[in-house]
Every structure is written in C-alpha cells, then in structure tokens.
Amino acid sequence: MSGNIELLSTTLAAAKAEDRAALIAYLPAGFPTVDGGIEAVKAVIAGGADVVEIGLPHSDPVLDGPVIQTADDIALRGGVRIADVMRTVREAYEATGVPILVMTYWNPIDRYGVERFTAELAEAGGAGCILPDLPVQESALWREHAEKHGLATVFVVAPSSQDARLATITAAGSGFVYAASLMGVTGTRASVGAQAQELVGRTRATTDLPVCVGLGVSNAEQAAEVAGFADGVIVGSAFVKAILDAPDEATSLDAVRSLAGELAQGVRKR
C-alpha cells in the first residue's frame, strides 16, 4: 500500500486555493493513553485541523519543551510502542480522511528498521514523517524508502540556517518544509517574532514546497499573524497543555476541539 503524500499535497494546495494557511496540529501518541490520544486527534480534526502530526514519544526530545516532554513521559510510562503510533495513525486517518504524519527523532526509526517503519506507516495510511534531527547528508536511505512507499520527508529549517544550507535541505525534502520560528524548543510564547517571517521568505526563495511555521503559536491572534506569511501554522504545545490542564478526558476533548476551532478561525483571518 502506498502512503498519502499526495493527500498531504492536495490538502495544503486546497488551503492555499482558499487564500488561507493550513492548520497543522501536533499531539503525541499514547497521551494521555493510546485510546485517549486517538480520540484527541479526532477532536482536533473535528475542530478544524487540516493536517495532524502524531508525535512518537522519545526519552530525549531535544526539540521539545517542558509541556511536550511531560506528555512524552506520560506516554512512555504508559508503555507506548511504535505499534501504538501506527495504530493511532491508522485509526485517525480511517476515521477522518485527513493527512496524518509522524514526527519522530531518528533513533527509534534506526532501531526499528527503515524499511519496516516506512512500510508500516504507508500501510497505516500515513502521509509522511517530520524528522527534526536527521541530517540531510545522512538521509539517503530514509528518503529512498519513503519515496518508494509514497511518504513525505519533512525537514526542519531554523533562523540560523544559511541560504546555501536552506537550498540543500529543501531540495531533499518533500510534502512541506517545517520552519522553526525561533531558536529554542517547542512551547507557547507571547509572540512568534519577526525572524519567522524572514525565515519563510528565505526558504521560499529556494523551493516551491509549502513552508509551514511551528514553535510558539498558541492562540488565534498568533495563528492569524503567522498565516499572513506562511502556508501552514503548526500548533502543538497549546493542544497538549489543554489536555494536561483538563480534569477528565471528556473535558480535554472539548478543550482541544474548541482550541482547534479558534485556531482554524485564526488562519482564515490572515
């Protein structure tokens, strides 16, 4: 079975045709439980998310701040496995038809096996992977198998990336480019900052791929700001925090659905 890179591309193109940015939500698999995490993904999609990233919980998530680290720790203590990540992708995709990606550090894939991981992700209906710590110059094996199985390879660029480096990264990627809005880790912030807009502009000069911005967006106003210059707005920590702060699962699902609705309105006000 082939993966859903084409669904990802058409979804992002459809948002652009509506003169808006896409809303991309992030939630870790297995948080607060495997079943609860699947329901949370369905809730953010019901609220208005166009694309979802499923985080593969990791014991040393170098890009992630304390909120997502807490969620990862809960998932790992609950015994989450890669099979649970694949199940989350499969059930979310089958229930909604929305493109679902996995965001993961390289070590779990390397240990699991690249061919096995890509084949299972494609079979589950996945659209691709975001790989924040895989160097482009070491990515040939991954990209070979991802392309064979119809999966996007999304690399992360940062404000520190020089123009020549941006060109190398974007030439190797597919699906979209993940632009980190600032130097640092994930988390909600009071402002997203002007360097994100500059990074998007420099990245666009090297590629026709959509450029989506993450790190720091947590409310409708920030989503609208970023949607003014990016093709997609990525929100993670705000969704995770809404679940952490909720007294029970029903309340958490209402919270993430409502937040997704507010953010979906935000990306339409660019």
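Modeller: A salt bridge is a side-chain nitrogen of Lys or Arg within 4 Å of a carboxyl oxygen of Asp or Glu. E18, R20 and D50 are linked in a network of such bridges. This is a predicted model, in which local features need pLDDT of at least 70, side-chain atom pairs count only at pLDDT 80 or more, and totals for chains, interfaces and linings use all residues. Residues are numbered from 1 along each chain as its sequence is written, and side-chain values use heavy atoms, with hydrogens and water left out.

Colleague: What makes R20 and D50 a salt bridge?

Modeller: Their side chains meet at 2.9 Å, N to O, and the limit is 4 Å, so the pair qualifies. R20 lies in the loop between helix 1 (5–17) and strand 1 (22–28), and D50 in the loop between helix 2 (34–47) and strand 2 (51–55). Here helices (H or I, at least four residues) and strands (E, at least two) are DSSP runs, numbered from the N terminus.

Colleague: Are R20 and D50 buried or exposed?

Modeller: Both R20 and D50 are buried, a term that means under 20% relative accessible area, whereas exposed means over 50% and partly exposed lies in between (1.4 Å probe, protein chains only).

Colleague: Why is D35 called partly exposed?

Modeller: D35 has 45% relative accessibility, and therefore counts as partly exposed. D35 also forms a salt bridge with R87, the closest N and O atoms being 2.5 Å apart. Because D35 lies in helix 2 and R87 in helix 4 (residues 82–96), the pair ties together parts 52 residues apart in sequence.
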